[in-house]
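Welcome! Please take a look at the sequence and structure shown here before reading on.

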Amino acid sequence: MILSQYRSHLVKFQSLIALVLLCIGIGLLSDKFFTVDNGWNVMRQISVNICISVGMTLVVLTGGIDLSVGSVLAIGGAIAAGLLKFGIEIPSGNLYIGFTLLGSILGGLVIGSLLGLFNGWTITKFKVPPFVATLAMLTIARGFTMLYTKGFPISNLGDSFAYIGTGWFIGIPVPVWISAVVIVVAIVITQKTALGRYIYAIGGNEHASKLSGINISKVKIIVYGIAGMLAAVGGIIVTSRLDSAQPNAGMSYELDAIAAVVIGGTSLSGGRGTIMGTVLGALIIGVLNNGLVLLNVSPFWQQVVKGGVILLAVIIDKANSKND
Amino acid sequence: MLAAHHISKKFSGVTALDDINLELPAGKVTAIIGENGAGKSTLMKILSGVYDDYEGDVIYKGNKVRFKNPREAQNAGIAIIHQELNLVPYLSITENLFLGRELKNSVGFLDKKAMRLKAETLLQKLKLSVPADTIIADLKVGQQQVVEIAKALLYDAEVIIMDEPTSAISESEVEILYGIITDLRKENKAVVYISHKLNELFKIADNYIVLRDGRTIESGEMKGMTHDDIIHKMVGRNIDIIRNSNIAKEKNVLLKVDNLCLGKAGNAQKNILNNICFELYKGEILGIFGLMGAGRTELMEVLLGLHPDLTKATITLDKDIVRFTSAKDAIKAGMALVPEDRKKDGLILGLDIKTNISLSSIDQHASTGLIKHGAELTKAHHYIKALRIKTTSEKQTVKNLSGGNQQKVVIAKCLATKPKVLMLDEPTRGIDINAKNEIYKLISELAASGLGIIMVSSELPEILAISDRILVMAEGCMTGEFEAANATEDNLLKAAIPKTI
């Protein structure tokens, strides 16, 4: 009895334990790891992945998946940068609308949300499997990004925009603040709101949820909308940090996000998982990336190691849920 | 034929079986009797090779055996028909029957012709009149159960274990099943029959073995035993079967359904439900009886606002004409449904009791947007107490509850929405007799408190025992209405049997 309790605690904190062990390991091998600078560096690097993977967690909890987040990230960043720098110009109507910093950021977020809502709409209205619907959006959003930027980066966005990705606020990098806010809001949604309940319920048993009077379509559309918006948040951070909106930004970021979700113990079939788990998953990936760089491991090996970690995480998770 | 000596089995320290002994002679039907949790399923899983880590010996045809997996047991001649259906939904009947033991021709390709032929013969024997290449998903649950039985009969099993084989099939199919069992007995097979329905056991079993709390309590011949004897041995105490006591009521119409029709998707000509009209009074228990496929479940679904595009009806609830376009609408208006399949349609198995109870009514506690956990907890405690849900805590995952307690959680979820009409579809399916009585008592109490109750059931004794009035359905139509006092098994069945066959 005591042993099994002990074991269940161990299972609960396995990601945390893995993270701590990983940190100790890298710390022993490299004296550059446990420095304040490197700490902030890691945190800043993973802030983008945290934004995306938090949205991804919500989607995966409903039993879905969102492959479009990388492309939505790109278009969110590009729109924000474009609006700030060029505004909207309609030559035929002789019309020009300029955007403030806040306005352009909002513009990026609105576009991200709309694309996410569109995902949700096709998934619920036409019963397109999430994998396919968001795969299509992956291409569509990338295409629109190319069209909007004409294939060129939009750069030199000014100091106030750069503050988002590179600035500090009360001794903490701004992107870390942003990801912290995203995490807190997401935890409140999942734990304290009816929407959160419905997200878990739908992932656990969609049909029973429907019979219980839950509006499945509404919940799913909202969730994909949130995922799109958070991808755009990530896009704005990336754009700001580079001081440039790259048309090919965020390529394959969806894979890192899914990895974080999976390592964090969220079940890909839905209904089971936590935001904190995903945050730990993102931290593990971040620390691993950072550690492998510090240890001068070749980038090719880095990929192999990362894949192995994902696989290992899922195997451990399966073994644990089997023992339940 | 098959015997077990001193079998014990533990699950992570908890004893499930404790020194079990049993004999299954050839040419006899042995009933295994016990409440849920008595260890019946665990024992059957040991005999059929699902578990191989047990203490004690299994003796098969005089030899000591220890099956490592179900396949080994199957090959040796032990077949089990599980309570839960184990069919692949998108494969045909034939493909399911031969899954894992496909017939091959000389080149090594599938011999589809031979397989179809054999499947057809088998289906004919079991009187299932559908083509052998029908996809499983297109079959009703009862028909799927018959396929499950066919699977066990396909290879010449010597020992056939049936775990609750009648939980999903109608009376007429039960008769067919009895015929099959009688044939098996003649062919000198050993049949194990597990059922909660004691009447069945008296009809079909030769011997009985009573399990209680993982131990063999008694075994012997069925002959000479009475209903009460068996119940007494099962639970170790007597139970009063609750009779309906709700007589003489004011007739306040609560729900009035006029000309309810449900069309079939993609087929304008054929209706699933035709011109259904009935009234439900406040405080009344209205039983709806019908054989499988009569449209009972569909009627409940329509009344919960599912299939809005295919439904035509005038529904009056509490003097207001209502129109439901979704389950959400219907629940808001005061309808609630305890669905037929609680695991599939009623519960989120992976979530805890509290969350399941508040699932339909969580917005009551989230007026500010944030859930008031205190109020939610109070409600969960209230229902756990009021419905006598046996659990250590409201945080217990519902997956780990017994069938009866799971059903109570579903009922609690419905009650939490403060319904006017509570519909229960086969509320006691697959739960043990003690829990059944609890549910009956609960239904009576709820009716007494003023709820209108519609109870769908295919178990005649049950529907006769607790309904005030009984409607009978056949082929999507109402074919009879009986006051409880005038209803008998005979006239209900007569009304329920389709005329067109």
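## Before you start

This is a predicted model, in which local features need pLDDT of at least 70 and side-chain atom pairs count only at pLDDT 80 or more, while totals for chains, interfaces and linings use all residues. Residues are numbered from 1 along each chain as its sequence is written, chains are lettered from A and ligands numbered from 1 in the order in which they are written, and side-chain values use heavy atoms, with hydrogens and water left out.

## Where chain B meets chain A

Let us begin with the two chains together. In chain B, 27 residues are in contact with 22 residues of chain A (contact means heavy atoms within 4.5 Å). The area buried between the two chains is about 1800 Å², and carbon and sulfur atoms give 61% of that area. Buried area here is the accessible area (1.4 Å probe) that two parts lose on being put together, summed over both.

One salt bridge is counted between chain B and chain A: the side chains of B:Glu376 and A:Arg197 meet at 2.4 Å, N to O. A salt bridge is a side-chain nitrogen of Lys or Arg within 4 Å of a carboxyl oxygen of Asp or Glu. On the side of chain B that touches chain A, at least two residues each come from α10 (327-333), α11 (342-346), α12 (353-357) and α13 (373-386). Of these, α11(B) gives the most, with four residues. Helices (H or I, at least four residues) and strands (E, at least two) are DSSP runs, numbered from the N terminus.

## Salt bridges within chain B

Over all chains, the structure holds 15 salt bridges. One of them joins the side chains of B:Lys9 and B:Asp53 at 3.0 Å, N to O. B:Lys9 lies in strand β1 (residues 2-11) and B:Asp53 in the loop between α1 (40-47) and β4 (55-60), so this pair ties together parts that are 44 residues apart in sequence. B:Lys9 is buried, at 4% relative accessibility. Buried means under 20% relative accessible area, exposed over 50%, and partly exposed in between (1.4 Å probe, protein chains only).

Another salt bridge links B:Arg469 with B:Glu481, with the closest N and O atoms 2.8 Å apart. Here B:Arg469 sits in strand β19 (residues 469-474) and B:Glu481 in strand β20 (residues 477-483), so the pair ties together parts twelve residues apart in sequence. B:Arg469 is buried, with a relative accessible area of 4%. B:Asp57 and B:Lys64 also form a salt bridge, at 3.4 Å between the closest N and O atoms; B:Asp57 is partly exposed at 27%, whereas B:Lys64 is exposed at 62%.

## A buried asparagine

B:Asn96 lies in helix α3 (residues 93-97) of chain B and is buried, at 1% relative accessibility. The side chain of B:Asn96 reaches the backbone oxygen of B:Leu91 at 3.4 Å. Leaving aside neighbours within four places in sequence, B:Asn96 is in contact with B:Leu87, B:Val88, B:Leu91, B:Ile136 and B:Lys151.

## The cysteines

B:Cys477 is partly exposed at 28% relative accessibility, while A:Cys23 is buried at 17%.

Methods:
Polar contact = N/O pair within 3.5 Å; in protein donor to acceptor, adjacent residues only side chain to side chain.
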